[in-house]
Amino acid sequence: MDGFLVEFIYSSLGEKMTSKREREAGDRVEDEGLDNESKRQRLDEDSSPSPPPVSVANPLSGLANNYADIDEEEDDVRRERGSVNERSNDGSHHNGHNKYGEADDSDEEDDDSHEQFTGRNRQVEVRKDCPYLDTVNRQVLDFDFEKFCSVSLSNLNVYACLVCGKYYQGRGKKSHAYTHSLEAGHHVYINLRTEKVYCLPDGYEINDPSLDDIRHVLNPRFTAKEVEQLDKNKQWSRALDGSSYLPGMVGLNNIKETDFVNVTIQSLMRVTPLRNFFLIPENYQHCKSPLVHRFGELTRKIWHARNFKGQVSPHEFLQAVMKASKKRFRIGAQSDPVEFMSWLLNTLHADLKTSKKNTSIIYECFQGELEVVKEIPNKVISDKKENSENQNNAEKLSDGVNERYAFVKETSKMPFLMLGLDLPPPPLFKDVMEKNIIPQVVRPHIARMQYRVTRLPKYMILHMRRFTKNNFFVEKNPTLVNFPVKNLELKDYIPLPTPKENEKLRTKYDLIANVVHDGKPGEGFYRVFVQRKSEELWYEMQDLHVSETLPHLVALSETYMQIYEQQQ
């Protein structure tokens, strides 16, 4: 009996335990069914045409991931480099891949255009119409300054608000551009690198031809045919404020004591081969120098006929100059345009030259060759004492020994990009009426240097040595220089090489730019006279000021640097 009771109790407990396990299993099945149903419901809700959800950021990825709403082009680069993030084990999403590298369908969304979104690697909806295009304000757009976010100061993935003109980073839900669109109600943004326009916070791309003028101002472009016609164009352009300007004759903003840069840039813009080279970015796409690309951008903006305003700010170019020169030339510190011209040409050449050939567009335009003959004095001692009255200036009488100097000549050749000219020294004294000048006495130099040009450049840069430094201050020579504006015949002034057989030596030059210094040394300012070839008119340019002038007024100034063009 006892054994029967024990067996009965064990069987009853077993049935209860079995039924309990079955009920628990059934509950789990119901819960899983509910979970699956809720998951499907959430997936259906996410599949609506609303903006795509933002994937959970990796806590180790830093602040950059909060703002980096990467475009399709950047995704391609990322995929090429193989930098595909994996999904973490806690279910956080990274680029739409799970921990096994398989595509995750949980982030895929079908919108009205049947476009799929897979994490960050997604295609953005493109619309041809946008209700916010009438809020675009072209008056406030200025693309001359550095492309940095106004909040994070980052230059990665920067967008410009086309309503207020400010720069913001990214366009994801955690980005500054997205936040600005919600706070300020500004909805139209352009990517400063890809030139694509988006509507935020909706997130779709706007494809409207009315925005092409903004793209042209952001990144001016020229065809080869347009470049050929630049010097023949006589048509004026009109800015948004109604003012007229000539392409290539626009003023440059003086940020702070940067007039020495402005006159140099305006002068180089008259050198046709150099200008044409930098108007086509494909000519220097192999170059990695920021200075080269910033100079090219500045050249295209100066000669662009569809600018929103009649002046250009060289801010980005100046930033590249400060970095490349290690702050030798910087904003807020006046410098010498001759020194800046020399540094700029040599730096551009070093950045543009290829490893095979030591040549560039700089050398093709400005390089010439000099033959230098140096006469070195050599003492010749004679025991015979002669009357000192019969000695010439090269003899020296000392201790009864007659010393004569015989000059030994050394000849060498050297290339040049610029030639310096000495000015006659200014007078030391004047009479009471300041008319009759008493000339100063100059001691003769024993050593002599003779120069002869053996190869003439296509464009000759001359500078007058007006400034001399001593231990206390800088002096300026105010002597005026007479020079012809057209038909400068070099053979009348300097010895030239003998032309080869069946070769014509081109020795005539025309002035195309004349840099002038006004005022005292260290306190004055620079301006430049430049020629417009299409009409052969002369313009005076001082920073933002541009005005037409007469050719004979060009020579009535204290010229400091000139560029002459060889007649072909």
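His187 counts as buried, at 14% relative accessibility (buried means under 20% relative accessible area, exposed over 50%, partly exposed in between, with a 1.4 Å probe and protein chains only). The model is predicted, so local features need pLDDT of at least 70 and side-chain atom pairs count only at pLDDT 80 or more, while totals for chains, interfaces and linings use all residues. Residues are numbered from 1 along each chain as its sequence is written, and side-chain values use heavy atoms, with hydrogens and water left out.

His187 sits in the loop between α4 (176–184) and β6 (188–191); helices (H or I, at least four residues) and strands (E, at least two) are DSSP runs, numbered from the N terminus. The His187 side chain reaches the backbone oxygen of Leu200 at 2.8 Å and that of Gly185 at 3.3 Å.

Salt bridges, defined as a side-chain nitrogen of Lys or Arg within 4 Å of a carboxyl oxygen of Asp or Glu, number 19. One of them pairs Glu316 with Lys147, with the closest N and O atoms 3.0 Å apart. Glu316 belongs to helix α10 (residues 315–324) and Lys147 to the loop between β3 (126–127) and β4 (158–161), so the pair links distant parts of the chain, 169 residues apart. Glu316 is buried at 9%, and Lys147 is buried at 19%.

Glu558 forms a salt bridge with Lys476, the closest N and O atoms being 2.5 Å apart. Because Glu558 lies in the loop between α13 and β28 (559–566) and Lys476 in strand β22 (residues 474–476), this pair ties together parts 82 residues apart in sequence.

Methods:
A polar contact is a pair of N or O atoms within 3.5 Å; within protein, one must be able to donate a hydrogen and the other to accept it, and residues adjacent in sequence count only if both atoms are side-chain atoms.
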